[in-house]
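Subject: Model for your review

Dear colleague,

I am handing over the model that we spoke about, and below it you will find my notes. Please read them beside the structure.

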Amino acid sequence: MSSYDVVVIGSGPAGYVAAIRAAQLGLSVACIEKWRTADGRGINGGTCLNVGCIPSKALLDSSHRYHDTREELAVHGISTSAVKIDIAEMMARKDKIVGQLTGGIGQLFKANGVSGLFGTGKLLANRQVEYTDHDGKISVLDAAHVILATGSLPIDIPAAPVDDKLIVDSTGALEIASVPKRLGVIGAGVIGLELGSVWGRLGSDVVLLEALEDFLAIMDKAIARETKKIFTKQGLDIRLGARVVGTQIKGKKVHVTYQSKDGTEQVEIFDKLIVCVGRKPFIDGVLAPDSGVQLDERGTVAVNQQCETSVPGVYAVGDMVRGPMLAHKGSEEGVMVAERIAGHSAQINYDIVPNVIYTHPEVASVGLTEEQVKASGDAYNVGTFPFAASGRALAANDTDGMVKIIAHADSDRILGCHIVGPSAADLVQQVAIAMEFGSSAEDLGMTVFGHPTLSETVHEAALAVNGNAIHKANRKRK
Ligand code: FAD
Ligand code: NAD
């Protein structure tokens, strides 16, 4: 029987990062991954690299360039004609990036001495792991520590069963071969907005059917309102309070029935339908009945703040445990667990995990929303700054959106930052760093920002918290 200090099950961003960090810290590590390519080869990287973050961002970038070239260049005095998109070429570029990054994990494993094993892992009792390779050969690995990192899957709803032809999930939506004339999207969440934007930019008429009456319900309300305005101006048809209750395939069309706010049933006809109504933890076949690992009431593996499960020496990280389903959250958990196994005292500040929707403009946030701060009863101040007042945004003809910073009224400590606007992902990260160091809005306001940069909008919003913005009129403080 092979034995290791650490066996990781799953090589998504949570698992592969945990494996590399543990090996860097001198531990003997194996990482088991069951994902296979269409031609049967084992492949690392999980959802993020294969069918998530990376391929979706590749398509977002390609479609943004196409749309920009067609629609946004004239204002700069640049004329174009006969701009065309080759979808097969665009998909091939995406696949090449995926291949490069997934292959890179194998190289990193080799460089760090991680044993990468392709096949399926199952946790048995006493920290033993059953490993079934892709030829069906079964062996048992003895592990001093096990890190479960088996990720998540798209949720499917009986009202819209995925057939991978006319009705697809997020994975199928990354493989559509030609631009659908009319595209339906169930769920105006992160995936719906990102992938709806991709196909909208390429020429589809996109209708998003969202069950909730609030748009981006968990976001800061002012930013969600502003975001909806921008996306609607871009042509996305966002219908709120629209709960999909059934679909029918008729010929080459999907007929979608949804209940609208007033209780009446409406039918829309689409050439393609994307179902993106959330994701669920993937635990099928991962735990033997006597593994001893307990699930919580939502069916995810129960863990504490340190990602320890109910079994000593067994940890769980990433999408399969509580918290936001984000690649960077899982990676940080992987690092934390590896460090703790190696005897260090690492921890994660779950209060400062940035969240981004990679549309254009991007929507990004970190920390508390104004609604959450208000509900806490603490007094607070808010500073906002519009991109329309930024010299750099004007120069780039990219002026939609705003920055909002919320700070505690007494300590002035920054509690949250919410942005819709160009490069929002990178801008919010600046505030995340400031928050990690306990910055006040005044500290950020006293920091020197380069000119002309988009990050000056963050500077001005921080100044506005205390009524000191220079490039806009400040609200009078009582
Ligand atoms: P996964 O990436 O799902 O990896 C789990 C791995 O475990 C898989 O490879 C699976 O095959 C393997 N596995 C499962 N069971 C076993 C077993 N028994 N034995 C061996 N291996 C097993 N997040 C962001 O932060 N930013 C983004 O821009 C972003 N974009 C996204 C876009 C889309 C379209 C989707 C679907 C998701 C996106 N996400 C994004 C979410 C992100 O992909 C996930 O949060 C992240 O992949 C979770 O990492 P993980 O390692 O926990 O799980
Ligand atoms: P989501 O939770 O963001 O959105 C799903 C939406 O579907 C919700 O608003 C929900 O109200 C709606 N819905 C559910 N049932 C419905 C029905 N019957 N009819 C109409 N609407 C319905 O989930 P998602 O967009 O599928 O994304 C899943 C997860 O993947 C995200 O929560 C996120 O963690 C991760 N992700 C992250 C990124 C990123 O970081 N940029 C990108 C993509 C995915």
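Where is the place of Thr359? Thr359 sits in the loop between strand 17 (355-357) and strand 18 (362-367), where helices (H or I, at least four residues) and strands (E, at least two) are DSSP runs numbered from the N terminus. With a relative accessibility of 3%, Thr359 counts as buried, a word used here for under 20% relative accessible area, with exposed meaning over 50% and partly exposed in between (1.4 Å probe, protein chains only). A polar atom of the Thr359 side chain lies 2.8 Å from the backbone oxygen of Pro361; a polar contact is a pair of N or O atoms within 3.5 Å, and within protein one must be able to donate a hydrogen and the other to accept it, while residues adjacent in sequence count only if both atoms are side-chain atoms.

Before the rest, two notes on conventions. This is a predicted model, in which local features need pLDDT of at least 70 and side-chain atom pairs count only at pLDDT 80 or more, whereas totals for chains, interfaces and linings use all residues. Residues are numbered from 1 along each chain as its sequence is written, chains are lettered from A and ligands numbered from 1 in the order in which they are written, and side-chain values use heavy atoms, with hydrogens and water left out.

Turning to the strands, four of the five residues of strand 8 (residues 182-186) are buried, so this strand is largely enclosed by the rest of the structure. Strand 8 pairs in the parallel sense with strand 9 (residues 205-209) over five bridges, pairing being assigned if DSSP finds at least two bridges between two strands, and Leu183 has Val206 of strand 9 as its bridge partner. From strand 8 the chain crosses through helix 6 (residues 190-201) to strand 9, and this β-α-β crossover is right-handed, that is, with the strands pointing away from the viewer, the path from the first strand over the helix to the second runs clockwise. Strand 8 also pairs in the parallel sense with strand 14 (residues 272-275), over four bridges, and there Ile186 has Val275 as its bridge partner. Within strand 9 is Leu208, which is buried at a relative accessible area of 0%.

Ligand 1 is surrounded by 37 residues, the closest being Glu33, Thr47, Lys57, Asp319 and Ala327; a residue is near a molecule if one of its heavy atoms lies within 4 Å of it. An oxygen atom of ligand 1 is 2.6 Å from an N or O atom in the side chain of Lys57, and a nitrogen atom of ligand 1 is 2.9 Å from a polar backbone atom of Gly121. On its own ligand 1 has 990 Å² of accessible area, of which the protein covers 95% (Shrake-Rupley method, 1.4 Å probe). Helix 2 (46-51) gives the most to this shell, with four residues.

Around ligand 2 there are 22 residues, of which Glu194, Glu210, Gly278, Met325 and Val356 come nearest. A nitrogen atom of ligand 2 is 3.0 Å from a polar backbone atom of Ala211, and a backbone N or O atom of Cys276 lies 3.5 Å from an oxygen atom of ligand 2. Taken alone, ligand 2 exposes 850 Å², and the protein buries 78% of that. The largest share of its shell, three residues, comes from helix 6.

With best regards
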